[in-house]
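Here are a few friendly notes to read with the structure open beside you. Take them one at a time and find each part on screen as you go.

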Amino acid sequence: MVQIFNLLESEQTERLKCMGCNRAAHFRCMKCSENYCASHAEFHQKSRATHDHNIIAVKDVAKNIHSLSAVREQEYCGVHTTRSLELYCLECDKALCSLCCITQHRTHSTCSVANAAQRAKRELVELGPKAGEKMSVEKQKVIALRKMANEVQIDHEKAKRSLKEFSNRMIQNIKTREDELLAQLNAKKAALTKTINGKIEQTEDKLKMVKQTKEFAGKIQKNWSEVEILNVRKQVNKVKF
């Protein structure tokens with residue numbers, strides 16, 4: 001029924017309010033046709049006057065065949081059990097007896113049950129096509145969302161491959177650059193080593209020559225005559241240190 005349809009929609013959008021505290025209601029007493037939050041639903045279930053009432057979750061109302069029959073068969077007031085439901089509260093979307101109308105619902109807009117039923121019948125007639133259209137729209141949404149999820153997965157895999165390829169290129173570039181720098185370093189080392197070894201060889205040759213000159217000078221002083229020393233002096237002076 002439209003009442004149950006509206007009930008479910010209100011509960012899902014949290015517009016359905018608890019009769020006890022005005023907080024969001026998620027439970028319904030099928031005997032009283034009233035909605036409660038979890039705390040007041042428990043209180044209603046444990047109360048001596050209402051402990052035998054059937055309280056179920058609002059989301060389960062349409063699934064429970066007893067819920068539908070309870071709505072259909074309820075012709076007497078759940079509070080004033082001897083009074084028939086003759087009036088309908090437009091604000092609470094609920095059938096009332098005349099006593100409830102002048103007490104709990106005295107400030108609310110009401111009409112006769114017959115007028116409310118006629119309006120409900122018209123809404124039921126319109127509900128079928130609307131539900132069909134809604135089903136078609138929701139199916140298209142599901143298809144679109146699944147397609148979107150598939151595209152996200154494809155894009156994710158593509159991005160992973162691109163990232164892996166980029167990473168491999170970067171590693172290869174770094175390795176190539178490393179080889180180039182290492183080759184330059186080795187060439188620089190070889191050049192410096194060659195230069196240093198050449199200087200070592202030159203220095204050792206010079207050291208050898210100086211040593212020989214020293215020894216020669218010592219022999220001249222000891223064994224040569226003064227004339228011989230004068231003759232060889234010019235040759236000795238040509239040696240540069």
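This is a predicted model: local features need pLDDT of at least 70, side-chain atom pairs count only at pLDDT 80 or more; totals for chains, interfaces and linings use all residues.

1. Of the 241 residues in the chain, 19% count as buried.

2. Next, the parts list. The protein chain has 6 helices and 6 strands. Read from the N terminus, the elements follow the order α-β-β-α-β-α-β-β-α-β-α-α. If you take the contacts between residues at least 6 apart in sequence, 37% of them join residues at least 24 apart.

3. An open sheet is formed by 3 strands in the order 2-1-3, with antiparallel pairing. Its edge strands are strand 2 (34–36) and strand 3 (55–57), and each of these pairs on one side only. From one strand to the next, the twist averages 30°.

4. Zoom in on one pairing. Strand 1 (residues 27–29) and strand 2 are joined in the antiparallel sense over 3 bridges. Within this part of the model, F27 stands opposite Y36 in strand 2. Helix 2 (residues 38–46) packs on the sheet and touches strand 1, strand 2 and strand 3. The direction of helix 2 makes about 120° with that of strand 2.

5. Finally, a surface patch. Which residues make the nonpolar patch of about 410 Å²? They are L163, F166, M170 and I174. F166 lies in helix 5 (residues 113–223). Is F166 buried, exposed or partly exposed? F166 counts as partly exposed because its relative accessibility is 45%, and that class lies between the buried limit of 20% and the exposed limit of 50%.

Terms used:
Residues are numbered from 1 along each chain as its sequence is written. Side-chain values use heavy atoms; hydrogens and water are left out. Two strands pair if DSSP finds at least two bridges between them. Helices (H or I, at least four residues) and strands (E, at least two) are DSSP runs, numbered from the N terminus. Axes are lines fitted to C-alpha atoms, for helices over the stretch in contact, and angles run from 0 to 180 degrees between N-to-C directions. Contact means heavy atoms within 4.5 Å. Patches are made of residues with over 30% relative accessible area and no salt bridge: like charges are joined within 9 Å, nonpolar side chains (Val, Leu, Ile, Met, Phe, Trp, Tyr) within 5 Å. Accessible areas come from the Shrake-Rupley method with a 1.4 Å probe; for residues, only the protein chains shown count as cover. A salt bridge is a side-chain nitrogen of Lys or Arg within 4 Å of a carboxyl oxygen of Asp or Glu. Buried means under 20% relative accessible area, exposed over 50%, partly exposed in between (1.4 Å probe, protein chains only).
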